[in-house]
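This report goes through one protein model, part by part. Look at the sequence and the structure first, then read on.

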Amino acid sequence: MSAVAKKSIEERIDRLHAGGISDLHFDLPMDLYEKRDRRNVLETEFLPELETGNIGVIGVAIYIEDRYLPETGLRVALDQIARLYAETERCDHFVICKSYREILKARAANKIALLITMEGVEPLEADLNQLRVFYELGVRSIGLTHARSNAAGHGGAFAASGSLPEGLTSFGRDVVRECERLGVIVDLAHINPAGFDEILSLTTKPPIVSHTNVRRYYDIERNISDAQIKMIGERRGVIGVNSVLVSPREEESTLDRYIDHIEHVANLIGIDGVGIGFDFFEFIYRQWPESRQKELAAKFTTPHFIRDLRNHSHARNLTRRLIERGFNDEQIRKILRNNWLRIFKEWLKR
Ligand SMILES: [Zn+2]
């Protein structure tokens, strides 16, 4: 490719990124919590990559690791939120947003909007009052479970079959109804197939799956089937494509395969149904001792990180490849940002 052609593609990426990229799943709070004795972690360890990738909105997930459960789940969740507030207070490039209007305002000021999400309702301790408390603290999206079972329901298996056949518990159903009433986005990522169906029957707003992959390319029940994708599409929902489960095979875990997932969803339900849920967690994984990495592999699977899409600074690689594969500007803007913005507008209180 000539230097002139290269320059024009880079300028096109600049224009497409000007409004910022929305990524609906990032394990930031647990890392801030583990580094709670340090200051300015957000500014020194995360801001440079986020700025390089032009990230505009991030769903930052409260997640409680097994070792804190059950005794200190609530406490650790509160501490994670405290770290988020303390760190954003020190770094004015970030704003915690609780409404659609606040997100737009943050973006207009060129700040990174953080939307607090929860991956697994363990911190609620089966008490609906706690949902109200976390809502007041700023939680605006909730996925009922991670891969395990809890008081609300059951996670999907990291296998082609074998998830528990039960749907939600009565507490899980209460959480879903109360979320929709409060204006907390209900996220179907990780839920088992029976729970997936039940959540759709309990809600009326467009459903989301914040970070997942399609079973066509990685056939595990933690991912979503074509039938499930169509159910999301019928309700005008959005599916965020995950970067760590694009293939069971390392050699097939490529940027092109990531885009195959985008294309598959778009082919089934249209471009309005696709978003980004990168789920970058290599930075956490690398901090673990080998014994813990092995534990993850035994319990779930070995994550295959995509060489040129392994952290937020690589977002330009994705956009460049989308252009090379023939996506037009309007389609790319929808994938990178606008589909999620529509969801925020429909779910969150103004
Ligand atoms: Zn997850």
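Does Glu119 count as buried or exposed? With a relative accessibility of 7%, Glu119 counts as buried, because the cut-off for buried is under 20% relative accessible area. The model is a predicted one, and all values below were computed from it.

## The zinc site

Three residues coordinate the zinc ion: Glu119 through OE, His190 through NE2 and His211 through NE2. The distances run from 2.0 to 2.1 Å. Along the chain, the donors of the zinc ion have the spacing E-x70-H-x20-H. Glu119 belongs to strand E4 (residues 112-119), while His190 sits in the loop between strand E6 (185-187) and helix H8 (193-202), so this pair ties together parts that are 71 residues apart in sequence.

How accessible is His190? Its relative accessibility is 4%, and His190 therefore counts as buried.

## Nonpolar cores

The largest nonpolar core has 102 residues. The members that touch the most other members are Ile103, Leu144, Tyr258, Ile262, Leu318 and Phe344. Helix H14 (residues 329-347) supplies the largest share of this core, with eight residues. There is also a second, separate core of 12 residues, which includes Met30, Ile220, Tyr285 and Leu296.

Leaving out residues up to four places away in sequence, Tyr258 touches Val241, Asn242, Ser243, Val246, Ile276, Gly277, Phe278, Ile306, Leu309 and Leu318.

How many cavities of 30 Å³ or more does the structure hold? There are two. The largest cavity contains about 80 Å³ of space. It is lined by 15 residues, and those closest to its centre are His25, Met118, Glu119, Asp187 and Ser210. Glu119 is also a donor of the zinc ion. Strand E1 (21-26), E4, strand E5 (139-143) and strand E7 (208-212) each give at least two residues to this lining. By class, the lining of the largest cavity consists of five nonpolar, eight polar and two charged residues.

The second largest cavity contains about 50 Å³ of space. Among the residues that line it are His190, Phe196, Thr212, Glu221, Arg222 and Gln228. Of these, His190 is another donor of the zinc ion. The lining of the second largest cavity divides into six nonpolar, four polar and two charged residues.

## The largest pocket

The volume of the largest pocket is about 620 Å³. Its lining has 29 residues, and Tyr63, His146, Trp288, Leu296 and Phe300 lie nearest the centre.

Which element gives the most to the lining of the largest pocket? Helix H12 (residues 290-299) does, with four residues. The classes in this lining are 12 nonpolar, six polar and 11 charged.

Gln130 is in helix H6 (residues 128-137) and counts as buried, at 18% relative accessibility. Not counting residues up to four places away in sequence, Gln130 touches Leu74 and Leu124. Gln130 and Leu74 are 56 residues apart along the chain, and their C-alpha atoms are separated by 9.2 Å.

Arg249 is placed in the loop between strand E8 (238-241) and helix H10 (255-269). At 43% relative accessibility, Arg249 counts as partly exposed. Arg249 and Ile306 are 57 residues apart in sequence, and the distance from C-alpha to C-alpha is 11 Å. Ile306 is also one of the residues that Tyr258 touches.

## Backbone details in loops

Where is the cis peptide bond? It joins Leu69 and Pro70, with omega at about -5°. Pro70 is in the loop between strand E2 (55-62) and helix H4 (73-90).

Asn54 is not a glycine, yet it has a positive phi of about 55°. This residue is in the loop between helix H3 (41-52) and E2, and is partly exposed, with a relative accessible area of 27%. Arg236, another residue other than glycine, has a positive phi near 60°. Arg236 lies in the loop between helix H9 (226-234) and E8. Its relative accessible area is 46%, so Arg236 is partly exposed.

Conventions. Residues are numbered from 1 along each chain as its sequence is written. This is a predicted model: local features need pLDDT of at least 70, side-chain atom pairs count only at pLDDT 80 or more; totals for chains, interfaces and linings use all residues. Side-chain values use heavy atoms; hydrogens and water are left out. Donors are N, O and S atoms within 2.8 Å of the metal (3.2 Å for Na, K and Ca); water is not among the atoms, so sites may look incomplete. Buried means under 20% relative accessible area, exposed over 50%, partly exposed in between (1.4 Å probe, protein chains only). A nonpolar core is a set of buried Ala, Val, Leu, Ile, Met, Phe, Trp, Tyr and Cys residues joined through side-chain atoms within 4.5 Å. Contact means heavy atoms within 4.5 Å. On a 1 Å grid over the protein atoms alone, a cavity is a set of points where a 1.4 Å probe fits but cannot get out, and a pocket is an open set with protein on both sides within 12 Å along at least five of seven lines; lining residues have an atom within 4 Å of a point. Grid points are joined across faces, edges and corners, and a volume is the space filled by probe spheres set on the points. Ala, Val, Leu, Ile, Met, Phe, Trp, Tyr, Cys and Pro count as nonpolar, Asp, Glu, Lys and Arg as charged, and the others, Gly among them, as polar.
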